[in-house]
Amino acid sequence: MATLFVDKVDPQSGTSLEIGSSGDTITIPSGATITNSGTATGFGGGKVLQIVQGSTSTETRSSSNSLVDTTLTASITPSASDSKVLVTVFQNGCDKSAANAGNQMILKLLRGSSVITTFGNNVTYTNSAISNSIGTTGTMYLDSPSTTSATTYKTQMSNGNNTANVGTQGTGGELSTITLMEISA
Amino acid sequence: MAKVIDAILAINPDAKVVTRGSTIDSIEIDWLDGTTEISKADIETKLTELNNNEAAETAAKENKKASGKQKLKDLGLDDDEIKALIG
C-alpha cells in the first residue's frame, strides 16, 4: 500500500471531488479527527446537537384577553441554519377562577415575537362558573428557525373570555419547563 | 385563600391586569388597556377582607354543621345514624 503525502486535494476540473468507488470503505482511524466547517449532507441527520432548558415557578395570572408572557422562556443558538429545533413545553399549574362560566385559558408558543402554534385552547373551560385546575398541558413542536442567531422561544397566555382570571404556575410552586433540542438536518 | 388578582377584580371587576408572583410584597402587576392603577395598600386591605370573609364563611358552615348534628342528636339519633344521613 502506497502512502500519499499532500496537504490538499482539489478537483482537476470543475468543483466536484470523488473519493473511492462504489463498494469501497473510507476509514477515519482511531485517534484521528475529521472536522466539518462547511455543509455536510447524506450523513444521516437527526442527531441531537445541543439541549437547552428554561423553567419558571412564578405564578402568573391574567384577566385580559391580550396575550401576556407566562415567564416561561429559553434561548438557543443553532449551529447550522438547516437544523431543526424540537420544542417541548410542559405548562404546569393551569387554572381558572370561578367568577364566570366562559373563562378559559389560551396558550401559545412563540419564536421571538411570532406565534408558531396555539398549543392550548379552551384550557380549563367548564361551561359553568366554577374554578377549575387542570395541572399540566403542553406541546412538542418541531420548528425550522432557519438561522444561526440566538433564538428565543416562550409561551404566552390569554383569558379567552376576557372575564375573571386564569393562571399558570400556581401558589404550590408548580414548575413549568421548556426544552429546546437542536436536531441536525 | 384569595389571590392578589381576586382582590383587584373585587375592587374593579373590569380591571385588565397581569400579576406575576404570589405575595403582595413581591408581586409584579401590569395594568392593561387603560385600567386605572390601584394602590398596593388598597389591594392589601381588600385581600385581607376577602380572606376574612372566606374564613368567616368556612367557620359559619362548620357551625351550622355542628348545630345541625346536635339537633339531630336531640331528636334521638345516634352518631352512626347521623353519619349515614349526612356523611
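A salt bridge is defined here as a side-chain nitrogen of Lys or Arg within 4 Å of a carboxyl oxygen of Asp or Glu. The model is predicted, so that local features need pLDDT of at least 70 and side-chain atom pairs count only at pLDDT 80 or more, whereas totals for chains, interfaces and linings use all residues. Residues are numbered from 1 along each chain as its sequence is written, chains are lettered from A and ligands numbered from 1 in the order in which they are written, and side-chain values use heavy atoms, with hydrogens and water left out.

**View 1. The salt bridge between Glu59(A) and Lys3(B).** The two side chains meet at 2.9 Å, N to O. Across the interface of chain B and chain A, the rule finds one salt bridge. Eight residue pairs of chain B and chain A are in polar contact, both residues at pLDDT 80 or more (a pair of N or O atoms within 3.5 Å; within protein, one must be able to donate a hydrogen and the other to accept it, and residues adjacent in sequence count only if both atoms are side-chain atoms).

**View 2. The interface of chain B and chain A.** Contact, meaning heavy atoms within 4.5 Å, links 14 residues of chain B with 15 residues of chain A. The chains bury about 1,200 Å² between them, 49% of it on carbon and sulfur atoms; buried area is the accessible area (1.4 Å probe) that two parts lose on being put together, summed over both. Of the area that chain B buries against chain A, 40% comes from Lys3(B), Lys16(B) and Arg20(B), more than from any other three residues.

**View 3. Helix 2 of chain B, residues 40–74.** Helices are DSSP runs (H or I, at least four residues), as are strands (E, at least two), numbered from the N terminus. The 35 residues of helix 2 reach 50 Å from first C-alpha to last, close to the 51 Å expected at 1.5 Å a residue, a span taken as 1.5 Å times one less than the number of residues. Its buried residues are Ile43(B), Lys46(B) and Leu47(B), where buried means under 20% relative accessible area (1.4 Å probe, protein chains only). Their cover includes helix 1 (4–11) and strand 2 (28–31) of chain B. Just after the helix, Gly76(B) takes a positive phi of about 110°.

View 4. Thr168(A) is buried, with a relative accessible area of 0%. Its side chain makes polar contacts with those of Gln91(A) at 3.3 Å and Gln169(A) at 3.2 Å. Beyond four places in sequence, the contacts of Thr168(A) include Glu59(A), Cys94(A) and Met157(A).

Methods. Buried < 20%, exposed > 50% of the residue type's maximum accessible area, 1.4 Å probe, protein only.
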